[in-house]
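Take a look at the chain below. Keep the sequence at hand while you read.

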Amino acid sequence: MASSSRSLSFVYLITFVLAGCSILYELIIAQTISMLATNTGVWYSLTIGFYLAAMGWGAIRCPKKQDLLGSWNLLFKVEVILSILGALCVLLIQGAHIFLIFLRQWNIFICGLILFFGISLLMIIGIGFFTGLELPLLIRTARQLSDAARPNRILGIDYFGSLAGAIIFPLGLLPYLELITIGFLTAALNLGIALVILW
């Protein structure tokens, strides 16, 4: 019983951390695109919209039937993928913008725009999709660990983790660190969770 309670507390803890990571990725991407495309309102709104839609897609596509070990294994893989995408997202978007500037000199601006916004959208949807897999997996894992687990607790902790990430980004990270650094730090958190799951 005590072991089950500790395992459940671990699920609650990683739910909080992963929710914070999720909102950080969303804000990092939105800030990067807004700075480069110079229209903050539009690109923040579009980033958040596409990100949430991709999370919904991930939640829908989450496998329905898995045992406890299968759920942990899939969550481990999701965190590894997110750590890779999260570490590269700012670099890829900025690289695509540099290529856009280069193509503008050759009067093939449209190709540059397609590349820049295509890669940006790919990053939004990719990270959003894998983030969307997390919550159903965490809810399922909690239920498999204990009959006392309640999905509304996982959801509540997820929302509080998102709030923490939304506060930390503008007040504790953005004034002091580059967006690339914030992306790598967030990716390191995902990778750390993956290693703890593996352990």
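The sections below cover helices, a loop, a surface patch and cysteines.

## A predicted model

This is a predicted model. Residue numbers start from 1 along the chain.

## Helix α2

Start with α2, residues 40-61. Helix α2 has 22 residues. From its first C-alpha to its last, α2 reaches 31 Å. At 1.5 Å a residue, 32 Å is expected, so the two values are close.

Which residues of α2 are buried? They are Tyr44, Thr47, Tyr51, Ala54 and Gly58. These residues cover an arc of only 105° around the axis, so they sit on the same side of α2. Now turn to the face of α2 away from its buried side. That face carries the exposed residues Ser45 and Ile60.

## Helix α6

Helix α6 runs over residues 179-198. Its 20 residues should span 28 Å at 1.5 Å a residue. The end C-alpha atoms of α6 are 29 Å apart, which agrees.

The buried residues of α6 are Leu179, Ile182, Gly183, Thr186, Ala187, Asn190, Ile193, Ala194 and Ile197. They cover an arc of only 135° around the axis, which puts them on the same side of α6.

## A loop residue

Where does Thr38 lie? Thr38 is in the loop between α1 (2-37) and α2 (40-61). Its relative accessibility is 66%, so Thr38 counts as exposed. Thr38 and Ile127 are 89 residues apart along the chain. Their C-alpha atoms are separated by 23 Å.

## A nonpolar surface patch

Helix α5, residues 151-173, gives the largest share, with 4 residues.

Is Leu171 buried or exposed? Leu171 has a relative accessible area of 61%. Exposed means over 50%, so Leu171 is exposed.

A disulfide needs two cysteine sulfur atoms within 2.5 Å. For Cys62, the nearest cysteine sulfur is that of Cys21, 18 Å away, so Cys62 is in no disulfide. Cys62 is buried, with a relative accessible area of 6%.

Cys89 is in no disulfide either. Its nearest cysteine sulfur, that of Cys21, is 12 Å away. Cys89 has 0% relative accessibility, so Cys89 counts as buried.

Methods
This is a predicted model: local features need pLDDT of at least 70, side-chain atom pairs count only at pLDDT 80 or more; totals for chains, interfaces and linings use all residues. Side-chain values use heavy atoms; hydrogens and water are left out. Helices (H or I, at least four residues) and strands (E, at least two) are DSSP runs, numbered from the N terminus. Buried means under 20% relative accessible area, exposed over 50%, partly exposed in between (1.4 Å probe, protein chains only). The arc is that of the directions from the helix axis to the C-beta atoms.
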